[in-house]
Amino acid sequence: MSRIGKQPIDIPSGVTVNIDGQEIRVEGPKGKLAQKFPTTVEVVESDNQIHVNIPEEYTKQQNIDHGLFRSLIANMVTGVTEGYSKTLQIEGTGYRAAKQGNNLVMNLGFSHQVTMADPEGIEVEVPNDRTIIVKGVDKQLVGLHAANIRNWRRPEPYKGKGIRYENEHVRRKVGKTGK
């Protein structure tokens, strides 16, 4: 059995969990999330805990699903109570970001400004023109939107210009040397 899948998930106060057939809905102070799970696993709620179970005689796929869906449900509970955030840093002369209404507007060295609308359930903050904070309750959507922002101008290895995650280390290369 999966070591992660065996661990119970504690349900904090203020969070409600509804298990309906093959779907689990978690609702908390920050929002609500829903996730469908396959018939290979069984999700049970008891004593303010959620348990993910598989049969005694399990297949490799059931073992994989055991740990995966336990982690997904734990991420849902954490998301509706605390939320998730990713911080991006912008490096480079003239590179900056600003928030205009529901849109993120970035100057990244192109001949035009890059405009990205906030997806539903995701909030983007720009505390200064070099920092972007992506917040939300769904860990997957927060990471996906942060990655989409970063893909507009990934950090390059010679000068380090571009958009990087906070605390991301960019391996620098030595440039040409003159004679």
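The questions and answers below concern a predicted model.

Q: Why is Pro38 called partly exposed?
A: The relative accessibility of Pro38 is 25%. Buried means under 20% and exposed means over 50%, with partly exposed in between. The value of Pro38 lies between those limits, so Pro38 counts as partly exposed.

Q: Where is Pro38 placed?
A: Pro38 is in the loop between strand 4 (31-36) and strand 5 (42-46).

Q: What is Pro38 in contact with, leaving aside its neighbours within four places in sequence?
A: Pro38 is in contact with Gln22, Asp65 and Phe69. Contact means heavy atoms within 4.5 Å. For Asp65, the C-alpha to C-alpha distance from Pro38 is 8.1 Å, and the two residues are 27 residues apart in sequence.

Q: Why is Arg172 called exposed?
A: Arg172 has a relative accessible area of 52%. The cut-off for exposed is over 50%, so Arg172 is exposed.

Q: Where is Arg172 found, and which residues does Arg172 touch, not counting residues up to four places away in sequence?
A: Arg172 is in the segment after strand 13 (162-165). Arg172 touches Pro157, Tyr158, Lys159 and Gly160.

Q: How do you know that the span of helix 2 is close to the expected one?
A: Helix 2 has 22 residues and reaches 32 Å from its first C-alpha to its last. The expected span is 1.5 Å times one less than the number of residues, which for helix 2 is 32 Å. The span is therefore close to the expected value.

Q: What follows helix 2?
A: Gly83 follows helix 2, and the phi of Gly83 is positive, near 85 degrees.

Q: Which residues have the most contacts inside the largest nonpolar core?
A: They are Val17, Ile24, Val26, Val43, Ile50 and Ile73, in a core of 21 residues. Strand 3 (23-28), strand 6 (49-53) and helix 2 (60-81) each give two or more residues to this core. Helix 2 gives the most, with seven residues.

Methods. Residues are numbered from 1 along each chain as its sequence is written. This is a predicted model: local features need pLDDT of at least 70, side-chain atom pairs count only at pLDDT 80 or more; totals for chains, interfaces and linings use all residues. Side-chain values use heavy atoms; hydrogens and water are left out. A nonpolar core is a set of buried Ala, Val, Leu, Ile, Met, Phe, Trp, Tyr and Cys residues joined through side-chain atoms within 4.5 Å. Buried means under 20% relative accessible area, exposed over 50%, partly exposed in between (1.4 Å probe, protein chains only).
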